[in-house]
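Trainee: Could we go through this model together, starting with its sheet and ending with its cavity?

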Amino acid sequence: MDKKLKVGILGGTGMVGQRFISLLENHPWFEVTTIAASPRSAGKTYEDAVGDRWKMDTPMPEAVKKIVVKNVNEVEEVASQVDFVFSAVDMSKEEIKKIEEEYAKTETPVVSNNSAHRWTEDVPIIVPEINPEHIGLIPYQKKRLGTTRGFIAVKPNCSIQSYTPAIFALKEFGPKLVVATTYQAISGAGKTFKDWPEMVGNIIPYIAGEEEKSEMEPLRVMGKLVDGKIELAKDIVITSQCIRVPVLNGHTAAVFVNFEKKPSKEEIIEKWRNFSGKPQELKLPNAPKHFIQYLEDDNRPQVALDVDYENGFGVSFGRLREDKVFDYKFVGLSHNTVRGAAGGGILCAELLAAEGYITAK
């Protein structure tokens with residue numbers, strides 16, 4: 001790419017917005033030039049607006065510190081400064097749907113971390129290695145919105161990254177029943193232990209809305225694009241429980257699965273280790289060289305050892321073994337704010353740019 005695309009971050013002061021900003025530092029294709037947030041942050045430098053609420057392990061990038069934050073509600077003003085935006089706004093679902101469509105209608109592509117549009121019929125929900133063909137929904141969406149280059153694309157819920165790639169990689173064996181219990185990090189709620197001291201040494205067996213997302217979103221991601229609509233994956237049922245655990249970053253999943261045609265353990269591991277997709281083919285900047293790793297040690301994957309696999313863009317599986325009730329069981333791990341949130345959005349934007357959907361204005 002000859003010239004970097006100008007990027008805006010909507011909701012840039014929150015945890016996911018901060019993760020977008022930290023991951024985009026020195027990005028070869030994209031440059032953060034505009035940050036927008038709530039009216040109370042507008043008019044302040046980014047450094048002052050965030051204050052002591054910087055939640056990343058790495059320092060705030062120097063390049064963004066003096067950017068003056070804009071009011072996210074001043075859509076035309078923000079959109080005029082950028083080629084596309086990442087959305088991580090903290091609003092109600094209806095407010096998010098409205099404002100993201102407003103940005104798209106200014107002919108500004110929106111790549112969203114939010115859940116508001118995940119079930120909008122013509123909005124693709126993308127895991128680039130699994131369903132890149134779903135970007136074929138975008139022309140239908142543009143027709144509805146009346147745009148030529150503006151559209152919305154979203155990434156799925158962070159927790160499904162810890163098991164959906166494993167299931168998709170085994171699709172030729174006909175996975176038909178999946179039971180997944182996810183053990184989810186507190187950063188998935190936008191928190192650190194400083195913000196949420198009650199989580200130290202604690203487990204909460206409920207996360208609002210997560211089980212429904214965990215059971216249904218994989219069916220859309222693994223579905224087929226037919227005549228401008230996504231037909232949900234058939235012949236597979238997913239049931240889940242989602243538990244908040246005292247971990248900062250990293251969602252773990254304990255998974256049980258039945259197949260139409262039961263593979264051998266060796267076949268499963270071979271499919272996982274050799275799985276790759278469009279990001280690897282296109283050599284996108286943040287594409288993990290090996291998307292899936294399988295770890296042989298019985299005590300892996302572990303958050304402390306494996307959450308940053310492939311800079312947090314890869315996923316890890318281990319403890320694959322036959323089960324007395326199901327065909328197999330295994331454990332998965334993904335980085336919830338990299339692969340599962342901002343990083344997944346960035347990889348999605350890289351795919352969209354490589355395929356010509358995001359260009360300079």
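Trainee: In what order do the six strands form the open sheet?

Mentor: Happy to start there: this is a predicted model, where local features need pLDDT of at least 70, side-chain atom pairs count only at pLDDT 80 or more, and totals for chains, interfaces and linings use all residues. Residues are numbered from 1 along each chain as its sequence is written, and side-chain values use heavy atoms, leaving out hydrogens and water. Strands are DSSP runs of E, at least two residues, numbered from the N terminus, and two of them pair if DSSP finds at least two bridges between them. The pairing is parallel, and the order is β3-β2-β1-β4-β5-β6.

Trainee: Which residue is the bridge partner of A36 in β3?

Mentor: β3 (70-71) is one of the edge strands, pairing on one side only. Its parallel pairing with β2 (residues 30-37) runs over two bridges. In β3, the partner of A36 is K70.

Trainee: What volume does the largest cavity have?

Mentor: A cavity is a set of points on a 1 Å grid over the protein atoms alone where a 1.4 Å probe fits but cannot get out, and lining residues have an atom within 4 Å of a point. Its lining includes M15, R19 and N249. Taken as the space filled by probe spheres set on the points, the volume is about 50 Å³.

How values were computed: Helix = DSSP H or I, 4+ residues; strand = E, 2+ residues; numbered from the N terminus. 1 Å grid on protein atoms, 1.4 Å probe; cavity = no way out; pocket = protein on both sides within 12 Å on 5 of 7 lines; lining within 4 Å.
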